[in-house]
Amino acid sequence: MGKIDVVKHILRNANHGQFVNGSGGFAWAPSNVALCKYWGKRDSELNLPVTSSLSISLGNKGSFTKVKQEGDVDRYILNGAIVGPETNFAKRLKIFLDLFRPFGVHYFIDINSNVPIAAGFASSACGFASLVLALNKLYDWNLDKKDLSILARLGSGSACRSIFEGFVEWQCGDDFNGMDSYAVKLDYIWPELRIGMLVISTQEKSISSRDAMWHTVNTSPLYPSWPKQVAEDLIHLKAALEDKDFSLFGEVAENNAIAMHIVMQAAQPAVVYSLPETMEAIAKVQKMRAEGVPVFFTQDAGPNLQLLFLGQHEAAVLRSFPELELVLPFADSKVKQIVLVDENDVEIGVSEKLAAHIQGRLHRAFSVIILRERDGKVETLLQQRSAIKYHSANLWSNACCGHPMPGESIVTAAERRLREEMGFGVSLKEIGDFTYRAKLINVDLIENEFDHVLVGFSDLEEIPFSISEVQDYRWIEVSELQQELKDYPEKYTVWLPPVVDLLVRKYLQL
Ligand code: DP6
């Protein structure tokens, strides 16, 4: 069986195998990092692995992909820039799309990724997974996750794990055509788990993981020991997850990564991904551990590291590695479901967050305003949204905003998000609400919110904000902010003007 036969087999019952052109497919998939690695294939055409592997998804790091049938040549955009057909990226994408190409059809693909491309942070995993999910939407196939995982695997092995969030196991299977080789979601939840992306270099790798894998299997005298190592590591990792035994978890993940790199380094010629800075960082991690901070690392096919630690040690780890990009693999999953409402804020259902923003459905939201008094004037706290937010990235906005989870009160949700985003808790009081609808800039999403506005006070000199949500903050006098909103609206989120307007009219009564 070749790739095209697998695709035909899976699509035979999906919409009668038809490629009925919808208006466009749009989907998100998280990146993932393997804690027990996939290294070596038993079938290179179908990306069938020698061993099973186990990963954790990387929270809000991943790819949004938009796909449309369009024009008379394929057009690919990656992070806003056109990708030329001569690049390896375009060639690989085209080969994959050819598996799903009705005669004469050309695709427009727009990928937005917030993981460094091709630097060993599994950008191809979330890229192919989000592309398969977007095609599934475009053509209304309604495939189940098992079939989506198999299709994603045809693009890149590790992509089959990016169909899911949380801990995921890719079961290697033994069927020659790979219909039993797909990922499954594991039920373990570990909200305290933190992953720190330590970017040492974003240069393209000297050798792709695909080539390095093939070369290792074929030339490393240590490769025969790898499947046994993986089998043992998988057992220990699952035991660590079952017992939430962080030391065992970290030790197994770290040793598995080290073992994979040793097996590669024994290949002839050796495959070496680590740079001197990688080795320095590893030494620093080991030193921290010796000094009592339980932090471990894992390393994929690249010079960068992913640090593994628990929330209680976040501050210590960030002090030693201030450049770390923090990932909370379980933080977002709690708030993925949002509450749909009618124009009177009466609940009419729930929806997956992204779907509601794509369809522009009215949903419940809140905006928090934090005030303080300075020299007789009222100042308000602004946050600059992180560069990796799925919309309105880098824009300035009120202290925090968000969506209550189904069943959660507005005040509880707003106080929770304020703690999660800005790192401090105060009691909040609702002062009013408004409804607005706006198309967001730079992404194909529509905000349509019934927005509750809450006010609280703080005199904190330093705001200990979370760097995965926020990149900066400042205090500004309210009338000065009103002027700024008039002069430089492009620097602010679309909901900030009505929030400030409500504050001024209903609360400050200016
Ligand atoms: C080191 O999934 O990129 O990240 O199947 O050839 O596309 P292909 O390889 P790819 O390899 C990932 C290797 C790894 C380990 C892992 O993610 O399990």
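Reply: In this predicted model, the protein is built from 13 helices and 22 strands. Its radius of gyration is 24 Å, close to the 24 Å that the globule rule gives for 510 residues, so the protein is as compact as a globular protein of that length. Along the principal axes, the C-alpha atoms fill a box of roughly 75 × 60 × 40 Å. The chain is divided into domain 1 (3–190), domain 2 (194–327) and domain 3 (337–508), and the C-alpha centres of domain 2 and domain 3 lie 38 Å apart.

Of the contacts in the protein with a separation of 6 or more, 72% are made by residues 24 or more positions apart, while buried residues make up 56% of the 510 residues. The protein exposes about 21600 Å², of which carbon and sulfur atoms supply 52%.

Thr493 has a relative accessible area of 1%, and because buried means under 20%, Thr493 counts as buried. Leaving aside residues up to four places away in sequence, Thr493 touches Arg385, Ser392, Leu395, Trp396 and Ser397.

Conventions. Residues are numbered from 1 along each chain as its sequence is written. This is a predicted model: local features need pLDDT of at least 70, side-chain atom pairs count only at pLDDT 80 or more; totals for chains, interfaces and linings use all residues. Side-chain values use heavy atoms; hydrogens and water are left out. Helices (H or I, at least four residues) and strands (E, at least two) are DSSP runs, numbered from the N terminus. The radius of gyration is taken over C-alpha atoms; the globule rule is 2.2 Å times the number of residues to the power 0.38. Buried means under 20% relative accessible area, exposed over 50%, partly exposed in between (1.4 Å probe, protein chains only). Contact means heavy atoms within 4.5 Å. Accessible areas come from the Shrake-Rupley method with a 1.4 Å probe; for residues, only the protein chains shown count as cover. Domain bounds come from an automatic or database domain assignment.
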